[in-house]
Structure formats: C-alpha cells, structure tokens
Amino acid sequence: MKPTGVLFFPAFDWAISPTHPEREERLLYTRDQIFEEGIMDLPQIREYHPRLATAKEISRVHFCVPDVETRVTQAHLVSAGSALVMADAFMNGEVQNAFAIIRPPGHHAMTVCHGNRGFCDINNEAVMVEYLRQKHGLKRIAIVDTDVHHGDGTQEIFWHDPDVLFISFHQDGRTLYPGSGFTDELGGPLAYGTTINIPMAPRTTDEGIHYILDNLVLPILEEFKPDLVINSAGQDNHYSDPLANMSFTAQGYAVLNQKLRPDIAVLEGGYSVETALPYINMGIIMAMAGIDFSNLREPDYNPARFKESPNNMQYIKSLVNKQLENFRTRGERVEKNRSQGKEFETIMKNVFYDTDYLHEEQRLDLRLCKDCCGFRRISSSATQKNGRYYSVFCVSLPAACCPSCAEQARKSYQDMKDKPIYNYIYLQDRIKDEFRCLDTTTGEETIL
Amino acid sequence: MLIGIDVGGTFTDGVLFSGSSVLRSVKQITDETNLQKTLLEVLDELLAHAAKPVRRIVLSTTLVTNALATGQGERTALLLIPGSGLPYSAYRISPDTWILKGGIDFRGREIERPDKKEVDQALAEIDALGIKRVAVAGKFSNRNDLHERMVRDIINNRYPDMQVCISNEISGRLNFPRRAVTCYYTAMTLSEWNRFADEIEKAVKDRAPGSELHILKADGGTMTLEASRKQPCETVFSGPAASTMGAVALTREKANSVVVDIGGTTTDISLLIEGEPLYASRGALIRGHLTHVNSFAIDSIPLGGDSTIWVENQELKIGPMRRDVAACFGGVSPTVTDAFSVLLELGLGDAQASRAGLQEVAGQLGTEIGELCQRIVNNVIQQLTRSIVYMFTQWENEPAYKVWEVINKKSFVLHRVIGIGAAAPAIIPLLARELDVGHFLHRYSPVANAVGAALVRPTLAVEVHVDTQNGVYTVSPGGLRGEVTQRNFQLQDAKELASKYLAEIGKKRGMKGYADQGQFYLEEQFNVIRGWDRAGRLFDVGIQIAPGFIPEYEGVTE
C-alpha cells in the first residue's frame, strides 16, 4: 500500500494582521498535535517539502492586476506551490492520496484578482486543476468544497467549465459570508449543472452532512466519473468555530473523508485553532491513510450533544432531491442554451473584496460556442488598496478550447492592443500554454 | 595529556594525544564478549606511553547499542498514557505494554484524569510477572508531566524495588512515540550501563588517578560518566559521531564536505555543512524505532575495504560479508581494497597476493583481471556516490514551515571529500574525482575516530517552552517546570530563562567553563489571540553548547 502524502506548511511567519483569524498561530496547535502524535513517522505517511508556484502556474487561472509579482505575496505562492507538489506526488504514483495542510487559503479567490477577498489571494485548488491538466493531461476533475463558507471563488473560476464538477456544501449564504451559494447557482449557460450548491441551515450536524454526502455528493461523483477528486477541505463546519454556526465534529470530518476518498485534499478555512483544527487535521490524515480514527476526539466531545432536528432533515432531503434533478437534467439545459442562436452571453457584476475593502466592476462575454464551452472576454476595473485605479481587459481560452474559439480569442487580444482604453490587456492561452500581458502605458508585452 | 578510545564493532581504536600530535595510537580487534577487557587493554597500552599524568579520558562504546540491538536489555514494562489520537495499536514498542487512562493537551491542560484503580491493576500484573523496570510515557507530558509523576509516585510507594523512568525527564521534545521509545530503552539499559560505569570508574581510578572520565554521545559531544548514568541511550552510535568529529578536528575548515569513513565491513557517510556536522532531523533510529536521541545523520552502507570479492551463479559479488583482511595484507580472499590497489597501481602490501586472488575470481567469470578490477571499482564508487547524493537531497528536502525557508531554499554544494578509516587512502581519491571535488586524507585518518573522541568538548541542548497565558514554563532535559509571573514577558526574557537553565544544568553535569558558549538554535514566539485580543504568548527557545573541541586543542600537525 502506498503512503499518504502530507505537506504541512503552517506559514509561521505570515499573517493578514496580528489579530486576524488568518494569523501565525492558526496551525500552531495542529503542529503540536501532529508532531506529538508522531504521525509523520508512520510508514503510512510521507512528508513533502513545499515550493513556490511560478507566475506562469498562477497565470493559467488568474489575471493578477497588474501582474503576479505585484499582486501575490510569497506566502500565497508557497501555499499554491505546495498544492502542486502534492499534485505531482499523486500523479507520479508516489502516494495513494495527498493532503496539503497549507495556509493561506484560496477558495474565495476569483479569476480576476485585484486584492484579497475572504482571506484569499490565489485559488490553490484552481491553480492545481490547470496544472493537472497541463502537466499531467487530466481533463475531468471534481472539487468538493467542504468549507463552511461558500467556495465562491472556485465556483466563479469554473462557472463556465463543464469538465470541472464543483460541489460546495456550506452554511446558508443568508447567514454567513460570502452570502452566495444558493441552489439556483448552477453554472454558466454551457456548463449548467456542473456547479452544485448545498446551502445548509445553521447548526446542521454530522448526520445531516453525511446524508448529503451519501445521497447527493457520492452519487453525482459516481455519474460524473472524474479523473480526479479534490477536497477543498475547510474545517469551519466544526461546532467550535468562532466564525460560523455549524455542529460538525472531528469524527464527522474523518468519516466524510473516508467516504469521499479524495485523491488530493487541500486545507481551506477553519479558525477554531485550539479546539478543532488539531483534531480535524489528525482525523483527515488518518482517514486518508486508512488509519483507525475511532480513538480521535476533541477534549469536549460528547456524541449525544448534537441531534439533527426532523425539520432540518426534511429540508435536507428535499434539497438533495432538487439538486440531483438539476444535475441529471444538465445535458438538456445546456443544449437549450446553446441553441438559442445568440453569439455571446453577457454578464455584468460587481465583486466585493472584504479583506482589502474594494469593489470591482466586471463585464464578462462568453462565446456560446457550438463546439466547446466558449472563450471568455472580461473587462474589469477597480481602485486597489494602494489607491491606484486599474482598468483591464482579459481574454481566456478554456482548457478544451475549439480551434474557432482559439482563433477568435487571440484576435480579440490583438484587436484590443490597438485601443489603449485599458491599462493592461491579458491573454490566457491555455492551448499554447502561453500567457501574455500588455502594459498599454509603456507598450511593453510580457509573455510567460 | 588526553586519551580517546572508540570501542567499535570490529576494532577498538585509541590515541594518546598531547599538544598537537598523536603520541601513540592503538588498533585492536574488539572482543565482543568482553568489551571491558578490550577497552582496558587499549587503555593500559596508552597509559604505558604517557610521560605525564593524563588529564582526560573519553570513551565511546557500543555497549548500549549492542544491548539494544541484540535484545539483551532487561525486561521492561511500558506504561502509556496516550489519551485521544492514534489507535493504541500504533504503539508497538514493548511486548509488555499497558495503556492507562488520562489525557493532557498541547497547552498542558488536563483533559482526563488517570484512573488509580487501573494503575494499581497494571502494577499488580507487572509485579506478578516479576518485571522490575518500568517506563512511563504520556502524550504531551512535555507540556505537563502531572500524570507521569503521579504514576511514578504510586510505584515508588507500593513497589520500592521497581526502577521507574518517566519520559519527560528524558526528553521534552514533541513526539510522544519517540519519547516513549527513548524512555523505554533507557529503563531497559540503565542497570547494565551502570554496572559497566561502576567497573570502568574503578578501573580508571586505579590506573590513572586524578583524570576525568567522559563518555561520548551520539551528538558528537561528551558527558561526564556521572551524567551518563541517567541517560545511557545517549551513548548509542557514538562511534560514527567520533569519526565525524575526528574529520572535523583534522580538517578544521568551514566547508561543505562529505565524510566517508570506510571501515572493514561498512562505510559510514556523514555531511558537514560549512564545517558543522549535520544532525538526523528525526533523531536516532534504534531497532526500527525513531528516538529522541540527538545523533548525526549517518548513512551506513554494507560495503568496506575488507568486503569479500566472490562469485555466485557466474555473477560477481562484492561483500556484504567480510572474511578477513585484504589479500595484500595476508587475508584469505581478495577484497575491495585489493581491487583498488591493483587497478590504481597503489602497491599496497603484497601486490602479488592481490593479483593472485583477483586473477582467480576473474578466471571464474571468464574475464581479464583489469576488466574485473574496473567493474569492482565502478560498482563501489557508484554505491558511494548514490548514498552521498541521497544524503544531499534528503537534507535539501527537509520540510519547511516558514515562508523565508522556502524562498531561501538550501542547496548543497560539495567542496570536499574527507576520507576516514583504514581503507580510505585506496578509495577516496577516485571517489572525489568522480564527484569532481578535492579530497582530504590525513596520516591520522585511520584513527580519526579516537582522535575525535580525545578532543571533543561536552555538548548540551536546553529547550524552554513558555506559556504566559497559563503562566507556566517547562524545561527540557530534566522535565523542570516553573511559573511565569512577570507581566509583559518577552522573547528576550525567554532567552534569558533558557540561558539560566543551560548554566544550571551544565553545572550539574560537570560542564564548568562552557556556560557562556551557548548558541540559540530555536527562537519562536506566537501570540495567543482570543477574540480580537492577545491573551498571552507562547515561546519556544532552544540553546545549545554545540559540538566542538576542548579549548586547549589548536590543531593536529600534518
């Protein structure tokens, strides 16, 4: 039996601010627990060394404004790079599965990046998905986001990508940041039904979450047949988390991972640094490595403490049925959208960056292509934290881009080069694996 | 005058050292059944040549290593207090293990009390089995050893003839299984080591009254015989440490080197990073278990100068066994040394004997002697190179927990190969050429281990963990504990506390004169934030008297 890969990167020298939940102390007690347990010494575990992600690896997903070097801290590059180390370890067959216990987290980071939102700059899982596709030739990937907060960044990045199944269960957006992730958010016109949201009522317990897992998540994973399953492993559904209101336990998390059997798990949020994280992280490692976790419990664990209410179970059951149907009818819906005869679908939106407190205005045009999921043109503007205003134009080719979309997308970039109405113009060419950025003020183009 | 003696598995080496030269060196075959006899014979021969009184004698011995490796230690019961976490089946340390209730967390808070009835029951069972040695280890006992002490007190009261070791007194580092193993091995070898210590102490007193007697540790430093009585496990793997420190003593340069100690049957490889020996990041591995014994990172491969060259099923075999010395030195069959001697025309010993032996093997394989020697040499160089490269990458790929560690990723650039051991002169020059660096051989290379033992100074590492929210600190080694009352306690205060304990513990261990040599190797501080306010601070500070040499040592004449 191959070992489970573990990359523990607690970033003991990085914090958003000294008292912020995302501070040096966050994984300190997890360190104490996993080191004291000696779990890294077991033959079932293999520990890995982190690395920095490159600007190119980041650019496969993000449009960092103005560029990766300016936008992204080194801590974020190490965090994203660590996920890639785990991807390589898994794909090279060194490990049976892998868990990146890393910070800073990433699942609120979106395609265009003007700053930090929800403690995230860079979407670690998304960077890993495009890396797995480019370097290891994978196509279909499923991401199950088990963080208590809706993984709105990951959702946005893969909103138009039918080859990435994104499932997020989280505390109802009416009661918690980021205030999204409702059942009617099902994906873009050509990727409808491969985004599945499961908003849960506050105080939902192990029982409720496991019902969702058994009756919705596992069946649709089975039907989707992904090449690889990622757990975007937030730990803030825990009953002691200070930022949320759920009633999940460390045992619950361990069982979840035992059933889900993710190929790669990547830590996201979780801010109960003493009472939850040390035990949940142990639980996930043990479950992934096939080690009996029945002796694992929080100091105040009481199995009789949380009981699912009949009302909530009722709600969960109807939610599961509704989303199963949405998933299963996705093919017809996509065909209908495609045959509308429209050339482009336009979406206008405003994105709020809570950590950095800034607003981004965005317009997205998706080509409703007959042969692929369509290329995207995004124009975006925001006044960043340092007071500078940026207006940028981005063109993105999907990983499975058809020749006609590729040609049009590249032409859009070329055409825009002659119109200096934006500060920066970007081309994300995933087919050529080439990433261009034109600074219209200096006329300088960089190619990664 | 100084004496260093390294009792190794095959040979015992000793040197008498004075000023900057070796006055006398002795190499003798080790009598495995009576280490003490070999040791005293070597000591007597060295003392016979000492014109002046010997000030200091340092011994490195495989006594504890052997006792543990062959399972000759005394039957020892292990009482574990693991609390929540890994399944109990993960702790396969002692066949006589009892699991007790009780739990402490990472902040030293009591989660569950031990059940005294259960402790009584376990002790009654241990007593009924006639077991007299007990090791007690609790998870997070390094943060609070209340439960370990509680169990020890019960044993001391009820069973005064049982000898008890508690894990927190042996090591205060995180890693419960390693702490439990180290405690268990300590309890297991304590009596045997103390018997040996008694006898050696008496023998030395008779022979060299007034000289200090020190024992070499796996970390390349010495401890007094008295200090060793409580921690026999520290003496394991002191032989390879002696060689590595011998290499440092002979070269005295701040370069990145690989030390290759080529003995008769094995080769030990260690790294010097800017002249400092590299430690095994996970502690010494003893009988398949990682421990908290601080030891150098040594890769040992079953290949030496005396590895026999033979043929099996028409295939060339190199070792791993040793029959005798090389044919050129009168051995019965050709060895690795013979092959190097012939190929490189080194003319070692009786060159004719080398050729004759190798010719016979070449005949069996239907090849030429030159071709055969080339194959042997290539194979040996390849094995050594592979091991060296493996050690580099292991070091480079050690986990990193801070952003700056990843940004400033370390990489190993080799400057030099240092050859140690009797077979080094034949093999090292070619190995260095293969690695494209220079090499270093010294006329004392064959007894570098004993030179190292004679010259190294004491070492001591003290770690302090301070929790200002709970108002306590703990100190390792020794499992000391105290209160923090000072408001606004800072990192500087934690460092002063560590320095104070280094001086105190050092004094107790007969390390006068070294207290001001402490270097900080660990400085961590974390704010404990509850709500949006600071509720306290956590500090981890480590200070050590690192491996080095006694002040009077100023180099060895070439």
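A residue is buried if 20 or more other C-beta atoms lie within 10 Å of its own, exposed if 12 or fewer, and partly exposed in between, with C-beta atoms placed from the backbone. The exercises below concern a predicted model, in which local features need pLDDT of at least 70 and side-chain atom pairs count only at pLDDT 80 or more, while totals for chains, interfaces and linings use all residues. Residues are numbered from 1 along each chain as its sequence is written, and chains are lettered from A in the order in which they are written.

**Exercise 1.** Determine whether A:Leu427 is buried or exposed, and describe its surroundings.

*Solution.* Step one: locate the residue. A:Leu427 belongs to strand E15 (residues 424–429) of chain A; strands (E, at least two residues) and helices (H or I, at least four) are DSSP runs, numbered from the N terminus.

Step two: count neighbours. A:Leu427 has 26 C-beta neighbours inside 10 Å, and therefore counts as buried.

Step three: list contacts, which require C-beta atoms, placed from the backbone, within 7 Å. Neighbours within four places in sequence being left aside, A:Leu427 touches A:Val395, A:Arg410, A:Tyr413 and A:Arg436.

**Exercise 2.** State how the radius of gyration of chain A agrees with that of a compact globule.

*Solution.* Step one: recall the rule. The radius is taken over C-alpha atoms, and the globule rule is 2.2 Å times the number of residues to the power 0.38.

Step two: apply it. A compact globule of 448 residues would have a radius near 22 Å, and the 21 Å of chain A agrees with this.

In chain A, 57% of the 448 residues count as buried.

Step four: turn to chain B, which has 15 helices and 27 strands. Its radius of gyration, 26 Å, is close to the 24 Å that the rule gives for 558 residues, so chain B is as compact as a globular protein of that length.

**Exercise 3.** Describe how helices H9 and H10 of chain B pack.

*Solution.* Step one: find the geometry. Helix H9 (residues 336–343) and helix H10 (residues 351–365) of chain B have axes 9 Å apart, at an angle of about 110 degrees. Axes are lines fitted to C-alpha atoms, for helices over the stretch in contact, and angles run from 0 to 180 degrees between N-to-C directions.

Step two: classify the angle. H9(B) and H10(B) are therefore roughly perpendicular to each other (65 to 115 degrees; under 35 is roughly parallel, over 145 roughly antiparallel and the rest oblique).

Step three: name the residues. B:Asp338, B:Ala339, B:Ser341 and B:Val342 in H9(B) meet residues of H10(B) that include B:Arg355 and B:Leu358.

**Exercise 4.** Work out the strand order of the open sheet in chain B.

*Solution.* Step one: read the order. Six strands, with mixed pairing, follow one another as E3-E2-E1-E4-E11-E12; two strands pair if DSSP finds at least two bridges between them.

Step two: identify the edges. Strand E3 (21–29) and strand E12 (222–224) of chain B each pair on one side only.

Step three: examine one pair. Strand E1 (residues 2–7) and strand E4 (residues 56–60) of chain B run parallel and are joined by five bridges. B:Ile3 stands opposite B:Ile57 in E4(B).

**Exercise 5.** State how many residues each chain gives to the contact between chains A and B.

*Solution.* Step one: chain A contributes 39 residues and chain B contributes 32.

Step two: in chain B, helix H6 (176–207), helix H12 (403–407) and strand E26 (519–530) each supply at least two residues of the side that touches chain A.

Notes. Contact = placed C-beta atoms within 7 Å.
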